[in-house]
Amino acid sequence: MRETYLVSEWALIRRNELVDIPEQLEIHPDFLQALSHEEFESAFKEIGAMFYRMYSDIADSPQRFGLPLYKMDEYDYFSNQAREARVAPRNLFYFMLWLFAYGDFRGNAFITDTVEVRKINKVPKTNLLLEALCDYGFVFGGIKKYSLSSGDYLEIDYPDNPNIVKVLSAVAKKVKNTQLKDVKNVYSGSMAFSNAFIGWNYKVLKEDMHTCSLAEGCDYVADKMHDETDREVIFILDKVLIERGYTRKKGDSNEGPSVRYYCKQSATYDYALTSDKGKLYLELRIRNAEKCLEYLHECPERIVELFRYSDSGCKNRINGSCRSGVKYEFEKEEKWHCGCCGAPFKIHPIKEDIPHYLKLLELGGKKG
């Protein structure tokens, strides 16, 4: 029987965070110094397909990439092993980012400064990653036995299509000099979700090499969606909430990016648009569900089901110390929604239901 590893599950989730590339790309002239628009666009799309294949291969054979082989069901969600498995699938892509960000062309050869790469890189087992990259068509010179410490420089080539190296270098340099400039922890979850290199986000090409407004709004979540209706409802909800005076802030969860909406100076968000392992949810911080029950007669069944559902709660509920959960009676049964790790009510948002979401929070948003 084939072993199943935590890191394999998360590799597929991280693969899902790659941004869909449209048929035609808007590319700023800064990116077109050495390539035509058609050449750059073609290579960019080829790299996107390569990244997808890499994540798939990581899921299939994590040992090939030197990733932790913690088995499913042997570690709980909050363990150090589970935490390591959630971030490890990004290792290869961070390493590639540094390789191409700290290199330059010398004539026709692309040369990377291994000393600079080793200073910034926190990814382990880079020898295995370099060896794995050879299977995708990369060729390396200047070092021995795939060891970065064996030489002062690394020569990188991609013989099948030299444009691949040019495009990787251009995107890596822009990300390093804009998105990651003056950032203390470039490996944080929020930085990873917005990182245009790791997500291979085509929008990074729209602005010049020194400007990047990527993922500053609700596109922080919308860009990760693969369904146009999900993207549409995100933009509509964001517009409605901002017009109502809410303040938007990024969230940082393990399962995916989140955009949270705060009323005035509140320290707790009322709404959140969250990507949970690739599925879009709207979080509603309904504190008094009892006040919403009468209004459910005007709602579609999918919203009624949200209130009909009950979860088992958390450890804090079991020991009696939970202050974030919501308890109420519905259809003669006691219901419970845990609110320790997010708002207690979560639903896949539908455009037509937006007025209901707003009314429900208006009715039940306050305790008492």
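Helices (H or I, at least four residues) and strands (E, at least two) are DSSP runs, numbered from the N terminus.

## Basis of the model

The structure is a predicted model, in which local features need pLDDT of at least 70 and side-chain atom pairs count only at pLDDT 80 or more, while totals for chains, interfaces and linings use all residues. Residues are numbered from 1 along each chain as its sequence is written, and side-chain values use heavy atoms, with hydrogens and water left out.

## The largest pocket

A pocket is defined on a 1 Å grid over the protein atoms alone, as an open set of points where a 1.4 Å probe fits, with protein on both sides within 12 Å along at least five of seven lines; lining residues have an atom within 4 Å of a point. Grid points are joined across faces, edges and corners, and a volume is the space filled by probe spheres set on the points. The largest pocket has a volume of about 1100 Å³. It is lined by 42 residues, of which Tyr77, Glu255, Asp276, Cys341 and Lys346 are the closest to its centre.

Helix 1, helix 3, strand 6 (257–263), strand 7 (271–276), strand 8 (279–284) and strand 11 (345–347) are the elements that give two or more residues to this lining. Helix 3 provides the largest share, 4 residues. By class, the lining of the largest pocket holds 19 nonpolar, 10 polar and 13 charged residues. In this division Ala, Val, Leu, Ile, Met, Phe, Trp, Tyr, Cys and Pro count as nonpolar, Asp, Glu, Lys and Arg as charged, and the others, Gly among them, as polar.

## The second largest pocket

The second largest pocket has a volume of about 250 Å³. Among the 15 residues that line it, Ala34, Phe105, Lys166, Ser169 and Ala170 are the closest to its centre.

Strand 1 (103–106) and helix 7 (163–177) each supply at least two residues of this lining, and helix 7 gives the most, with 4 residues. The lining of the second largest pocket comprises 8 nonpolar, 3 polar and 4 charged residues.

Two strands pair if DSSP finds at least two bridges between them. An open sheet is formed by 5 strands in the order 5-6-7-8-11, with antiparallel pairing. Strand 5 (246–252) and strand 11 each have a single partner strand and stand at the edges, so one side of each is left without a neighbour in the sheet. On average, neighbouring strands of this sheet are turned by 25 degrees against each other, direction ignored; the axes are lines fitted to C-alpha atoms, for helices over the stretch in contact, and angles run from 0 to 180 degrees between N-to-C directions.

Strand 6 and strand 7 pair over 4 bridges, and serine 258 stands opposite threonine 274 in strand 7. Strand 7 and strand 8 pair over 6 bridges; alanine 272 has glutamate 283 in strand 8 as its bridge partner. The hairpin of these two strands has 2 residues between them, and in this hairpin lysine 277 takes a positive phi near 55 degrees. Strand 8 is joined to strand 11 by 3 bridges, with isoleucine 347 in strand 11 as the bridge partner of leucine 282.

Another open sheet has 4 strands in the order 1-2-4-3, with antiparallel pairing. Strand 1 and strand 3 (139–141) stand at its edges, each with a single partner strand, so one side of each is left without a neighbour in the sheet. Its neighbouring strands are turned by 30 degrees against each other on average, direction ignored.

Strand 2 (residues 109–113) is joined to strand 4 (residues 153–157) by 4 bridges. Aspartate 113 stands opposite tyrosine 153 in strand 4.

## Covered elements and a partly exposed arginine

Buried means under 20% relative accessible area, exposed over 50%, and partly exposed in between (1.4 Å probe, protein chains only). In helix 1 (residues 6–15), 7 of the 10 residues are buried, including Leu6, Trp10 and Arg14. The cover over these buried residues includes helix 2 (37–60), helix 3 (80–87) and helix 8 (189–194). In helix 4 (residues 91–101), 11 of the 11 residues are buried, and in strand 7 the count is 5 of 6.

Arginine 118 lies in helix 5 (residues 114–120) and is partly exposed, with a relative accessible area of 46%. Leaving aside its neighbours within four places in sequence, arginine 118 is in contact with Leu148 and Ser149, where contact means heavy atoms within 4.5 Å.
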